[in-house]
Amino acid sequence: MSLTSVFGKIMERVIAADMIDYLLRNNLLNVSQHGFLSKRSTLTNLLESFDDWTISIENKFPNRVAYIDFSRAFDSVSHPQLLHKLKSYGIDDILLDWVAIFCLDAYTVPKWKMFIHRFSVSTVASFDAAACIGPLLFLVYINDVLDIFKSPINCKLKTAADESCFQGCLDLLYSWSLGS
């Protein structure tokens, strides 16, 4: 893997910031999302969970909780489905093409040679999977995961009516992760 150029990193950060702004401004991100968003984090997720659990306990409702961690998350994303989701959110044309090239792990960057009055353009430079836009693209990819559940349930899979319903939700999530 080669290093991403400084200009590539700057461009990626600008694109990620604009994309987040667009998604938030148009209410396209699920309100249950906490990752990779300004003023949201694992702490806000935990505080929201604690509040929900407290209310459930006060109302004598059962609490069943499952936190899911996708290992090597961005590497497991179906790039054609990610591109389809981005297009459905109104991201298209040049930006969609750029993301498609990003997903292929290559893009064009200027590569300056130290010869007098000469330079060339390198056609391939690898992206780091931990690049700043990778987490955002994963967030978009899993944004609709809650749509697979028929009952009102949040991303923490909590307060399912009974054990079999809860297991059913976990099974649906597992199937989604294989087929997405």
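Which residues in α3 meet which residues in α5? Keep that in mind while you set up the view.

**Before you start.** This is a predicted model: local features need pLDDT of at least 70, side-chain atom pairs count only at pLDDT 80 or more, and totals for chains, interfaces and linings use all residues. Residues are numbered from 1 along each chain as its sequence is written, and side-chain values use heavy atoms, with hydrogens and water left out.

**Stop 1: the whole chain.** Show it as a cartoon. You have 6 helices and 2 strands. Helices (H or I, at least four residues) and strands (E, at least two) are DSSP runs, numbered from the N terminus. Trace the sequence and the pattern reads α-α-α-α-β-β-α-α. Of the 180 residues, 35% are buried, meaning under 20% relative accessible area with a 1.4 Å probe, protein chains only.

**Stop 2: α3 against α5.** Select α3 (79–88) and α5 (133–142). Their axes come within 9 Å and cross at roughly 80°. Because of that angle, α3 is roughly perpendicular to α5, a label that covers 65 to 115 degrees. Axes are lines fitted to C-alpha atoms, for helices over the stretch in contact, and angles run from 0 to 180 degrees between N-to-C directions. Now show side chains. Gln 81, Leu 82, Lys 85 and Leu 86 in α3 meet Leu 137, Val 140 and Tyr 141 in α5. Contact here is heavy atoms within 4.5 Å. By class, this contact has 5 nonpolar, 1 polar and 1 charged residues. Ala, Val, Leu, Ile, Met, Phe, Trp, Tyr, Cys and Pro count as nonpolar, Asp, Glu, Lys and Arg as charged, and the others, Gly among them, as polar.

**Stop 3: α4 against α5.** The axes of α4 and α5 come within 12 Å and cross at roughly 105°. So α4 is also roughly perpendicular to α5. Pick out Trp 98, Val 99 and Phe 102 in α4; they meet Ile 133, Gly 134 and Leu 137 in α5. The class count for α4 with α5 is 5 nonpolar, 1 polar and no charged residues.

**Stop 4: the core.** Select Met 19, Leu 23, Leu 82, Leu 86, Ile 133 and Leu 137. Of the 30 residues in the largest nonpolar core, these touch the most other members. Such a core is a set of buried Ala, Val, Leu, Ile, Met, Phe, Trp, Tyr and Cys residues joined through side-chain atoms within 4.5 Å. The largest share, 8 residues, comes from α5.

Notes
Buried < 20%, exposed > 50% of the residue type's maximum accessible area, 1.4 Å probe, protein only. Parallel < 35°, antiparallel > 145°, perpendicular 65-115°, else oblique.
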